[in-house]
Structures are given as C-alpha cells and as structure tokens.
Amino acid sequence: MNWAFLQGLLSGVNKYSTAFGRIWLSVVLIFRLMVFLVAAEKVWGDEQKDFDCNTRQPGCHNVCYDHFYPISYTRLWALQLIFVTCPSLLVVLHVAYREERERKHRLKHGENCTPLYGNTGKKRGGLWWTYFLSLLFKIIVEALFTFLLFYIYEATFIPPMVKCSEDPCPNVVDCYIARPTEKKIFTIFMVSTSFVCILLTLIEVFYLFGKRCLECFGARKHHHRVPLPHNSFVMPKTPLLDNGVNEVELEKMKFANSKAEEANASAAPAYSLPIS
C-alpha cells in the first residue's frame, strides 16, 4: 500500500481545512498513521503463525483462528484510514474543479474579467456543502469501524487464551496468542484515537454550521436595515404641557408675541399739534 500518497493527500487538504480540521489531520497523521506504520504492523506480523493451539489435528488450527479473528486488526485499521481520508479527496477535487473553471473563464473573457470565485478554496456554495458532508461521512465511518471492532471481537481486546471447539477439532482445545499484552495496548490506543477523531469532527461540524448561521443572520439583519438619507432629520418628540400645547409651539407663540411688541414699539410716535 502506498502510504506516501495518502500522506501527501492529507497534507494538501490542510490548507482547505478549519483549525479543528487541522488538529484532526495532525491526529490522523501522527497518532494513527505513523503509529500504525512504525509499530502496529510489526507487533502483529503474521498473526496466524503466532496463533498456537494445543492440538495437532489437521485443520483445527486454521478453523479456530478464522473463528476468533475473521479479519486482521491491521487490515481493519488500514481500511478505516482509507475510508476516513476519502472525503478529503472529494474536497481537493472540488477545489481543483473550481480552479479549472476559473482558468477557462479567464481564457474566454480575458484576464481583467470579473472572476467567478473570489477565492476558489473558500468554503462557499457547493464547496461548503462538500466539506460539510465530508465531515458527516467521517463521523459515520469512524463510528461504523469502531462498532465492527467491538462486534467482531466481542470487546475482548486480545485475550491471552481462547477456547475453541469448532469442527474438525476433536474436543475443546486451548489456543494462545503471542504478545497479547502488547497487542491489547495498541488496540486500546487505536480505539482511543478513533474516539478523539470523532469528537474533533463533531466540534468542527458544530463550528462550521454555527459560523454559517451567524453569517446568514448577519446578512439578513443588514438587508432589512433601511439607511436614512443624509439630509433627513428626525423631529424630536416634545412633551405636552398641561394645556395640551407642547414646548415647541409655546416657544413659537412667545416668539410671535415678542415680534409683535417690537413692531408696535418701533412704529412712528403720534405727533400732536401745538395749541396756540
């Protein structure tokens, strides 16, 4: 399996992810992929060869191993990592589709034309839905493979000894597993990292959805806000006096009376003829 290609793919997704997505990517690359490549595959090795039963009955060894371990731990984890990283490939392909569409648009209308996308990697429109659905797919895959691990192995997590009575075994035989404690530690570690990845993906889903709702609410609030014209003014409300006349009207009346008095005072005085 070409793990270098998978690592390069996940590294390319890093620039299109949120902060929680980058943390999830670090957990997948360091605590799952690197541990799986460096330690887990070497710890398991050839499990069927290390599976030893206290009988030499032909076929009993193979039947007992297939009964208790229908699928290898390492192969199950490899499938889990592949399916978890597939949605990231969809996000990269969607961004590449946007870039190609933008390139053709510029070739057709010129370099100075209005672009189709302000930023081809920004999560808006269809890319937002692709990224959001990829997160939901990751959660489903992680939960499904964790459930399969508990269901197939009945949450035993590498017991040191199992008892087998499958045909063609002559009777109940004891089968032993090599390095059961070491394998149990790695199994618990991989299951724990799966739960951590599920938690990080859930946080990213709520963060992405909440951020989108805030943006939509802010845009709707700004749309309904009607700005006042620059030359408009609002007449302040003035309280009414006891006689039902407000203060503005009272001031107007006082001003009119004062003007009338000034007009009368400035009028020419009456002259009387002297009496001889």
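With -90 degrees about its S-S bond, the disulfide of Cys64 and Cys164 is left-handed. Select these two residues to begin. Cys64 sits in helix H4 and Cys164 in strand S2, so that distant parts of the chain, 100 residues apart, are linked here. The model is a predicted one, and the sulfur atoms of Cys64 and Cys164 are placed 2.0 Å apart in it. Cys64 has a relative accessibility of 0% and counts as buried. Cys164 is buried too, at a relative accessible area of 1%.

**Next stop: Cys60 and Cys169**

Stay on helix H4, which spans residues 60–68, and select Cys60. Its partner in a disulfide is Cys169, with 1.8 Å between the sulfur atoms. The torsion about this S-S bond is 95 degrees, and the link is right-handed. What does the pair connect? Cys60 belongs to helix H4, while Cys169 is in the loop between strand S2 (161–164) and S3; the two are 109 residues apart. Cys60 is buried, with a relative accessible area of 0%. For Cys169 the relative accessible area is 9%, and this residue is buried as well.

**Then Cys53 and Cys175**

Select Cys53 and Cys175, which a disulfide joins at an S to S distance of 2.0 Å. Is this disulfide right-handed or left-handed? The torsion about the S-S bond of Cys53 and Cys175 is about 100 degrees, so the disulfide is right-handed. Cys53 lies in strand S1 (residues 52–53) and Cys175 in strand S3 (residues 173–176), so the link ties together parts that are 122 residues apart in sequence. Both Cys53 and Cys175 are buried.

**The cysteines together**

Now show the three pairs at once. A search of the whole structure finds three disulfides. What is the pairing when the bonded cysteines of the chain are numbered in sequence order? The pairing is 1-6, 2-5, 3-4.

Cys86 has a relative accessible area of 35% and is partly exposed. Cys197 is buried, with a relative accessible area of 0%.

**Out to the surface**

Switch to a surface view and select Leu79, Phe83 and Phe137. These residues form a nonpolar patch on the surface, and together they have about 260 Å² of accessible area. Pick out Phe83, which lies in helix H5, residues 73–109. Is Phe83 buried or partly exposed? Its relative accessible area is 39%, so Phe83 counts as partly exposed.

**Zoom out to the whole chain**

Finish with a cartoon of the chain, coloured by secondary structure. There are eight helices and three strands. Read from the N terminus, the elements follow the order α-α-α-β-α-α-α-β-β-α-α.

The remaining values concern the chain as a whole. It has 276 residues, of which 34% count as buried. The accessible surface of the chain comes to about 18500 Å², and carbon and sulfur atoms account for 63% of that area. How many of the contacts between residues at least 6 apart in sequence join residues at least 24 apart? The share is 75%.

Methods. Residues are numbered from 1 along each chain as its sequence is written. This is a predicted model: local features need pLDDT of at least 70, side-chain atom pairs count only at pLDDT 80 or more; totals for chains, interfaces and linings use all residues. Side-chain values use heavy atoms; hydrogens and water are left out. Patches are made of residues with over 30% relative accessible area and no salt bridge: like charges are joined within 9 Å, nonpolar side chains (Val, Leu, Ile, Met, Phe, Trp, Tyr) within 5 Å. Accessible areas come from the Shrake-Rupley method with a 1.4 Å probe; for residues, only the protein chains shown count as cover. A salt bridge is a side-chain nitrogen of Lys or Arg within 4 Å of a carboxyl oxygen of Asp or Glu. Helices (H or I, at least four residues) and strands (E, at least two) are DSSP runs, numbered from the N terminus. Buried means under 20% relative accessible area, exposed over 50%, partly exposed in between (1.4 Å probe, protein chains only). Contact means heavy atoms within 4.5 Å. A disulfide is a pair of cysteine sulfur atoms within 2.5 Å.
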